[in-house]
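Work through the exercises below with the sequence and the 3D view open. Try each task before reading its solution.

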Amino acid sequence: MRSLIADTPANSKDLRDDAHLKCQFGQWFATLSGDKLNSHPLFAKIGDAHIKMHQGAKSLLSLKASKQAVPVDLLDQFHHDLDDLDELRELFIAISDEFYQLMHSRDPLTGATNRINLLANLHKEQALCKRKEQHCALVMLDLDHFKAVNDQYGHAAGDKVLIAVVKCLQSHLRSYDQLYRYGGEEFLLCLTQTTVSEARLFAERLRQAIAALNIAVAEDITISVTGSFGVAQLNANTDVETTIAEADKAMYAAKAAGRNQVK
């Protein structure tokens, strides 16, 4: 606008077809590229609005650079597009709110979901079990002798173990499965569309995967850990809290039976 009104030279970057990638915002926005962000509808709208704004500016500045008159309707359209920036601000606010909710529902150490929305989410899964007659299973996992890791190597080492275990679990989970940090070294998995028999087999694979980890907790110090698993079916007519207690009871049965197993 300064260039058009005050007859100052246009920024050469604003005359490029890829001008939206050359401004400060565009360079920052490009660093966010990734499948998950690109598929997010709010990020897609922001990207489209940003490109549209640069294309309009390029059209106006190109006419000025070639000493041509700027049509009133083209200028009006650009002003109209700028008014759309109010919507862009609303999109930023919506994304900010979404990130706020995400940050407060995540365990800051491991990235697993915390317990804030656990019961609400499990009640939704139970409702699906009722409405669509589909199966769902819960798996409770507790790391064996975790206190000994903290006592021998320090809490920083314990944190590295928790992070490694969660990464291992996430690498095996499907996109629609849920992983919660239930307690200090205790985790709860919600496996949708899964029978209790299938969940037991899956938990066994997880048990083996965790036992196979070699976790670097300090320089030249690598340790292994194991976990005890309890599996229970999330039934349509059984309280969610009762099912969690059943999975917890089965996990303690695995502990009592010698640890590093599935019950």
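The model is predicted.

**Exercise 1.** In which order do the strands of the open four-stranded sheet lie, and which are its edge strands?

*Solution.* Step 1: the order is S2-S3-S1-S6, and the pairing is antiparallel. Step 2: strand S2 (178-181) and strand S6 (227-233) pair on one side only, which makes them the edge strands. Step 3: ignoring direction, neighbouring strands of this sheet are turned by 20° against each other on average.

**Exercise 2.** Over how many bridges do S1 and S6 pair, and which residue of S6 is the bridge partner of aspartate 142?

*Solution.* Step 1: S1 and S6 pair over seven bridges, in the antiparallel sense. Step 2: aspartate 142 has serine 228 in S6 as its bridge partner. In general, strands of a sheet pair through backbone hydrogen bonds.

**Exercise 3.** Where is histidine 145 placed, and is histidine 145 buried or exposed?

*Solution.* Step 1: the loop between strand S1 (136-143) and helix H8 (146-153) holds histidine 145. Step 2: the phi of histidine 145 is positive, about 55°, although this residue is not a glycine. Step 3: the relative accessibility of histidine 145 is 51%, and exposed means over 50%. Histidine 145 therefore counts as exposed.

**Exercise 4.** In the hairpin of S4 and S5, which residue takes a positive phi near 65°?

*Solution.* Step 1: strand S4 (residues 215-218) pairs with strand S5 (residues 221-223) over three bridges, in the antiparallel sense. Step 2: opposite alanine 216 stands threonine 222 in S5. Step 3: two residues lie between the strands of this hairpin, and aspartate 220 takes the positive phi.

Notes
Residues numbered from 1 in each chain as written. Predicted model: local features only at pLDDT ≥ 70, side-chain atom pairs only at ≥ 80, totals over all residues. Heavy atoms only, no water. Buried < 20%, exposed > 50% of the residue type's maximum accessible area, 1.4 Å probe, protein only. Pairing = 2+ DSSP bridges. Axes fitted to C-alpha atoms, helices over the stretch in contact; angles between N-to-C directions.
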